[in-house]
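This report describes one protein chain for a reader who has its sequence and structure at hand. Please look at the model before reading on.

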Amino acid sequence: MSHAATSGRRRYRLFCLGAALTLIVASPLAAAPVGAAPAPTGAQVLLDDMTPSAPQANSKLVLRGELRNTGAGTIRQASVSLLLRRRLLIDRGEVKTLAEATDLPAGSEPIAGTGGPLGRDVAPGASVPWTITVPISALHLGADGVYAISVQAAGQRDNTTPGVRRVGSLTTFLPYLSKPKSFRPVTISWLWPLAGTPARDGTGAFLQRAAGGEFAPTGRLAQLVATVGKYPVTWLLDPELLDSTAELSVAHQRVNGSGTTDEAADPGAAKWLSDVRTELAGKPVAALPYGDPDLAGLVHNGYPGAIASAEAQSRLVTGRTLDRQSDTSVAFPPTGLADKATLAALRTGGTQTVVLSGAQFPALATLNHTPTGRVGVDTEAGHLEVLIADTGLTDDLSGDLSAAGTGAPAAQRLLADTAMITLERPNEQRSILINPPRRWNPSPDSAGRLLNAVNGAPWLRLAELKSLSVLPVPSELANANPAYPPVPGPHELKPGYVNRLHGTATDLDRLSAVLVKPGPMIESLTDATLVAAASTWTTDPKGANTYLRNLADQVQDDTGKVKVVGRSIVTLSSSNGNIPLTIYNELDAPVRVRAEVQPLVAGRLRTQASDLVTIAAGRKVPVRIPAKATVNGITRVEVDLVDAAGDRFGSPMPLRVNVTNYGSVGLIIVIGGGGLLFTAAVIRNIRRIRKARAAPASSGRAARTVDAVQA
């Protein structure tokens, strides 16, 4: 660790100690013109707007918001006032600490002339607007830097002890860099995310939880597209979102219990898709693999091939939907984390640049400044450029920004953080990468407010992602390597799940191989297997297992529709013959297969595969398997269907073959036996004839004897 880093941390510890002592010695309300309550009591101060967000010496600061009564009892004699802590923030860690604090910063002082009554009582559940206006010159700021300012609300509860006291407060940041020539602006590159959640099942029907409202004018996705304008951001796009939106924009089906319901086209989806085509035309677009898969989970559990398939589908969909090929050479793991094996798999697939979280680089924690976020990493598959997403700036945007009163504080925190970066080394040009959360959901005005604030700050300069890629690796990170958690956490798909997914994808490949021409059925199932690897399932294992189980059942059901039907036993009456079979295709598309017979006991029966036959949808075709028996009796066999390449398809069908062949010895015995029977029959007939002839002669002799006796 550098001496500068050690000194910086020592100064920060001394500051924390001093702040703690200040809290012990003096109440933060000591200078406030209200009662003695040390903490807010059931009221919320919201900041809706702060202009200018980056004031100069001649600026007039205007803060607007509302006081919301979240407790019981009416707040009477409500008022607000502005407080300032004159001591400058010392580093980025203090920005984070104050942003997450729930009480006023120690040493905050009221600004004269900024307090005033709201002029009305605030009933439970109600809100009252407030405005504070003050010239920057009236704040008497001592030096350039970042200050903490607070809005404090006071009043009297009608159901508590009488007396005016603080009922709520809010702290935000006032970055004040009034001398632009005293610093070099930091370059900021935005990765602007457009990603959704799994929306369709294996049939293409939309899941119940799919929310078309995101495309409404005030919806999440509509706002993300509408607020960028001409700002130089790089879009981070999941093509599965484009695919789902295109399907939603026409008549479609939605899952309803165990069945589906027909639904009309969603006009909001159609408009959003049109807006995306217009907005992204000519803009840099980094396309995620289709469905935004869990890259590390797939690699660690032996299924890296899914990444290549998702990247290929990504290129296909962006080309089809946007009439352009988006950049798939830039990868960004969903968690911002990737080990050497995952990086090597990405490099093998053609990735040249990977975006990783700064949390993966321990070297950053040893520095007392923020360097340019770029390093090089060598993998088994080759060299990779790594762009580092600043974790502090990511945290600034990771809170819940969907509610009212969240946009302005987030913008001020982001500006404070970037101002501290600039002030760390004001004469050094650096470039930083900002990436909002993957499925960012800011309020309707928050996204635009953040872009406007960053663009208007004199210590910042906006640039596209490619500007960061051409910079040299800073010397502080020349030997930096990413560190990955030794034990996979909950952010990875589980081994058993990935194995089942791999098996289902393999079964689908076999089904696709027997089709004469894969159609919409295979396309929907293929998309679903990619979506089943989505990173969003890592936080919903129950939903993931249900989704994959339904998908696997559907693939198995369709596979079972191409089968061998007929008798369970056939007879061969000679040593050489044909085994007759019938193949039935219940699918809605033609297939091309051949049948093979394999004896369960080797050596009893030798067979050849049938000819390759094409079977139309819903039709049956008879085939014959040439066979040669070596023994008599019943031989148990299995009948397999195979594709044109010879790969087995589906489950084998059991069959019994009854061989009644006698062979040459048997034939001699039959002929000899037949001859003996014929000879015996001839002898019996001769004896019968002789006996018949002898009978009349005996009768004549007997008559003559009787006559002689009578005479």
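## Confidence and conventions

The pLDDT is the predictor's confidence in each residue, on a scale from 0 to 100. The chain averages a pLDDT of 86, and 86% of the residues score at least 70. Over residues 1-39 the pLDDT is below 50, and this stretch has 48 contacts in the model beyond near neighbours in sequence; a contact means heavy atoms within 4.5 Å. Residues 662-670 also have a pLDDT below 50, and beyond near neighbours in sequence they have 0 contacts in the model. Where pLDDT is low, the predicted coordinates should not be read in detail.

This is a predicted model, in which local features need a pLDDT of at least 70 and side-chain atom pairs count only at pLDDT 80 or more, while totals for chains, interfaces and linings use all residues. Residues are numbered from 1 along each chain as its sequence is written, and side-chain values use heavy atoms, with hydrogens and water left out.

## Two local features of the backbone

The peptide bond from T51 to P52 is cis, with omega near -15°. P52 lies in the loop between β1 (43-51) and β2 (60-69). Here and below, strands (E, at least two residues) and helices (H or I, at least four) are DSSP runs, numbered from the N terminus.

Strand β3 (residues 75-85) contains Q77. The phi angle of Q77 is near 55°, a positive value in a residue other than glycine.

## The helix pair α4 and α5

How do the axes of helix α4 (residues 239-248) and helix α5 (residues 267-280) cross? They come within 8 Å and cross at roughly 135°; axes are lines fitted to C-alpha atoms, for helices over the stretch in contact, and angles run from 0 to 180 degrees between N-to-C directions. This angle makes α4 oblique to α5, because angles under 35 degrees count as roughly parallel, over 145 as roughly antiparallel, 65 to 115 as roughly perpendicular and the rest as oblique.

The crossing of α4 and α5 is left-handed, a term used if the near helix is turned anticlockwise from the far one by less than a right angle, with right-handed used if it is turned clockwise. On the α4 side the contact is made by L241, L242, T245, A246 and L248, and on the α5 side by A269, W272, L273 and V276. By class, the contact has 8 nonpolar, 1 polar and no charged residues. In this scheme Ala, Val, Leu, Ile, Met, Phe, Trp, Tyr, Cys and Pro count as nonpolar, Asp, Glu, Lys and Arg as charged, and the others, Gly among them, as polar.

## The helix pair α10 and α11

Helix α10 (residues 407-424) packs with helix α11 (residues 446-456) at an angle of about 30°, and their axes are 9 Å apart. That angle makes α10 roughly parallel to α11. The crossing of α10 and α11 is right-handed.

From α10, the residues G407, A408, A410, A411, L414 and L415 meet S446, R449, L450, A453 and V454 of α11. The residues of this contact divide into 8 nonpolar, 2 polar and 1 charged.

## The antiparallel sheet

An open sheet is formed by 4 strands in the order β20-β22-β26-β24, with antiparallel pairing; two strands pair if DSSP finds at least two bridges between them. Strands β20 and β24 stand at the edges with a single partner strand each, so one side of each is left without a neighbour in the sheet. The twist averages 40° from one strand to the next.

Strand β20 (residues 562-565) pairs with β22 over 4 bridges, and the bridge partner of K563 is Y584 in β22. Strand β22 (residues 576-585) is joined to strand β26 (residues 620-629) by 9 bridges, with N578 opposite P626. Strand β24 (residues 605-607) is joined to β26 by 3 bridges, and L605 stands opposite A629.

## The mixed sheet

In which order do the 5 strands of the open sheet with mixed pairing lie? The order is β21-β28-β27-β23-β25. The edge strands, β21 (569-572) and β25 (613-615), each pair on one side only. The twist averages 40° from one strand to the next.

Strand β21 runs parallel to strand β28 (residues 648-659), and 4 bridges join them. The bridge partner of I569 is R656 in β28. Helix α13 (residues 495-514) lies across β23 (591-599) and β28, running at about 70° to β28.
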